[in-house]
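Here are some notes for a colleague opening this structure for the first time. They are numbered so that each can be checked in turn.

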Amino acid sequence: MLETEELSKAFKGKTVVEGVSLYLEKGESVGLLGPNGAGKSTTISMISSLMKPTSGEVLLHGENVIKNPGKIRKVLGVVPQDIALYQELTAYENLKFFGRIYGLKGQMLTEKIKEVFSLVGLTDRQGDILNTFSGGMKRRVNIAAALLHDPEILIMDEPTVGIDPQSRSYILDMIRELNLQKGITVLYTSHYMEEVERLCDRVYIMDHGKIISSGTKEELKSILSGEETILMELDRAYPEMEKEFQQLDSIRQVIETEKGLKLISVKGSRLLSSLFQIADRHEAQVTNVNIQEPSLEDVFLHLTGRKLRD
Amino acid sequence: MKSIFILQLQRFRRKPLLVVSFFVLTLFFVFFLGGNDTGDKITIQSYAGDNTTQEQADYWIQLLNASESFEFVLVEEEEARNSIVQGDRNMALEIRDDDYRMLVAVDEQSYQIAANYIQQVFTEELRLAAAEAAVEEENIRAAIAEERISPVLALNMETINGESSGFVYDENLQALFGMTLFFSIYTIIFSLSNVAEEKRDGTWNRLIVSPLQKWQVYAGHVAYCFLVGYLQIILIFIFFKYMLGFQIEAHFGILMIIVACFTFTIVSVGMLLIGLVTSPQQLQAVIPITATAMAMLGGAFWPVEIVTNEVIVMLSKVMPMYYGMEALKGAALLNQSLGEITGALSILVLMGVITMGIGINLMERRA
Ligand SMILES: Nc1ncnc2c1ncn2[C@@H]1O[C@H](COP(=O)(O)OP(=O)(O)O)[C@@H](O)[C@H]1O
Ligand SMILES: [Mg+2]
């Protein structure tokens, strides 16, 4: 229902988004994954008619909406990356205002506000001034303000940045519910791989202004189908042992993690016994071993040679 | 547009302090700078002399009290004499039916001025009475009063652009108009900084991606700032005219039209500033500079007529403040009609349209 064709944007000659083509089918939940500065927000700004692209097109039901954005504005709910609300007003006053600018009024408006507050779980705080809210609560109001007019498509730009795990979990569940129960099409932008993995059916991976890969989660991971990940938890770091691991033929990469090591290995190479032997020799204390399917994070690492977050 | 407007009112209700403080500052400064004529009048106790009736004395008192500097009160002779003996007062006036006498303790300056004034009033009135008796015509007083309004000889000053305008100066009105317009600039442009804040906080983008038209967003803000500035000025005028009895002779409707034009222009200047700055902080730094410069050059602090430097006089001609002050003073002091101040008002509106245009253009280009 919504697609972009070769969207590009340059600021003062510097290209920050280049040839981005993506599409959203009705009812889908699509992720736009990429590190900070990849050009995600710029892409979303162009889709939501905030910014004119330097070149390329945005099509809604096959109709170009760049020149005539009225149509897309009505069906789009946009959750900006920053908390874009009036801090000195109450949550209720904020929602009332945003409802009104989408043309809601009277009974209809009151009911929508009530419904949305209950959806984001803030019914008993709606009369409070926004300034008194925690970061997580503000984020929820930030999302609520984009839901009042029953958008067909919800575009969210990193809606969980900088909040506690409970709030984040709550928000993710809420978005999933909107997508599954109400059939709202979601475009979810994030640099958190776990979020996109949990929430989205299909993913675009973006880096340096370009889409470097796309597909369903399974398709993307099949890029790494020949690999598996072994997580080895250790009581401390063993640099000598790491070097020895690296020399093994069937190990492609050794990455230090907080708790120990992450080993990317050729799938089915039955490494475990040799790993334990080496560990024994270094008198390393192995507290846990876990073999995993590759994650999107691993896909990104594979594609760019970098982690999503540095 | 309406929702944007209402939103600003809601925000004002939560943070009224800034605007209210400019309002209070205006009141304070007008009090302070205006010639405080009610407090400063010298009271002269007067009493009716022998063979003089109470009515005759009252009549004279009423004539004498036309003065800006003296206040004559009728008391018993006993009381007036006692005041002088006890040193409470320096002088007293004995009123007779066609003459007067002054009791004086010390011959000092205030006595000289009072004596001059009293003599003038008596002489004039007695002449008028004599003329009336001789001509036996009732409305000779009205005829003379008429002559006074359009005298044969009047002091005129040529302004740069060749119009002649009487240079009339009234300390009270200069302070009232100058300070009110000066502080209204603060109120208006600080209110307009809501726009800069919305851009900083991202709510502006939310408005843009909504079905609202962009002009509605601008119009909502402009309407709000206009209203706040307009109400501030009008309320202050009402306060000083009706509560403190300032002599604003002009029809209040004319004042309201002038204020509307001026407010519109300042809102536009504010839009231009917002187009030039990149953050609310910058705007807050620029506002006092702009307001003070416009006020100084435009004649809010002192009349432009006393400025001799040609460059400054030229500069004053590009300040909206100048035309606002000219129009207000023209209406209030010279009793000019709406037609006579149309020139100044047109320039104001033209300036407003141009600055608003440039301001919005700058903002849009940056977006
Ligand atoms: N208005 C702008 N002017 C100039 N450069 C910009 C502007 N907005 C974004 N950029 C640049 O474009 C790149 C992509 O930014 P952005 O789209 O915000 O990335 P993301 O949302 O993926 O973190 C960044 O390098 C950023 O500095
Ligand atoms: Mg971003």
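This is a predicted model: local features need pLDDT of at least 70, side-chain atom pairs count only at pLDDT 80 or more; totals for chains, interfaces and linings use all residues.

1. Where in the chain do Ser41(A) and Gln81(A) lie? Ser41(A) belongs to helix α1 (residues 40–47) of chain A, while Gln81(A) is in the loop between β6 (76–79) and α3 (91–101) of chain A. The pair therefore ties together parts that are 40 residues apart in sequence.

2. Ser41(A) is partly exposed, at a relative accessible area of 24%. Gln81(A) is also partly exposed, and its value is 29%. Buried would require under 20% and exposed over 50%, so these values fall in between.

3. Chain A contains eleven helices and 14 strands. Its C-alpha trace spans about 75 × 45 × 35 Å along the principal axes. Of the 310 residues in chain A, 53% are buried. Taking contacts in chain A between residues at least 6 apart in sequence, 70% join residues at least 24 apart.

4. In chain B, look at helix α11 (residues 252–276) and helix α12 (residues 280–298), whose axes come within 11 Å and cross at roughly 140 degrees. Angles over 145 degrees would count as roughly antiparallel; α11(B) and α12(B) are therefore oblique to each other. The crossing of α11(B) past α12(B) is right-handed.

5. Which residues meet where α11(B) and α12(B) are in contact? From α11(B) come Ile266(B), Val269(B), Leu273(B) and Ile274(B); from α12(B) come Leu283(B), Val286(B), Thr290(B) and Met294(B). The residues of this contact divide into seven nonpolar, one polar and no charged.

6. A further residue to check in chain B is Glu364(B), found in helix α15 (residues 338–366). Is Glu364(B) buried or partly exposed? Glu364(B) is partly exposed, with a relative accessible area of 28%. Leaving aside residues up to four places away in sequence, Glu364(B) touches Lys214(B) and Tyr218(B). Between Glu364(B) and Tyr322(B) there are 42 residues of separation in sequence and 30 Å in space, C-alpha to C-alpha.

Terms used. Residues are numbered from 1 along each chain as its sequence is written. Chains are lettered from A and ligands numbered from 1 in the order in which they are written. Side-chain values use heavy atoms; hydrogens and water are left out. Axes are lines fitted to C-alpha atoms, for helices over the stretch in contact, and angles run from 0 to 180 degrees between N-to-C directions. Helices (H or I, at least four residues) and strands (E, at least two) are DSSP runs, numbered from the N terminus. Angles under 35 degrees count as roughly parallel, over 145 as roughly antiparallel, 65 to 115 as roughly perpendicular and the rest as oblique. A crossing is left-handed if the near helix is turned anticlockwise from the far one by less than a right angle, and right-handed if clockwise. Contact means heavy atoms within 4.5 Å. Ala, Val, Leu, Ile, Met, Phe, Trp, Tyr, Cys and Pro count as nonpolar, Asp, Glu, Lys and Arg as charged, and the others, Gly among them, as polar. Buried means under 20% relative accessible area, exposed over 50%, partly exposed in between (1.4 Å probe, protein chains only).
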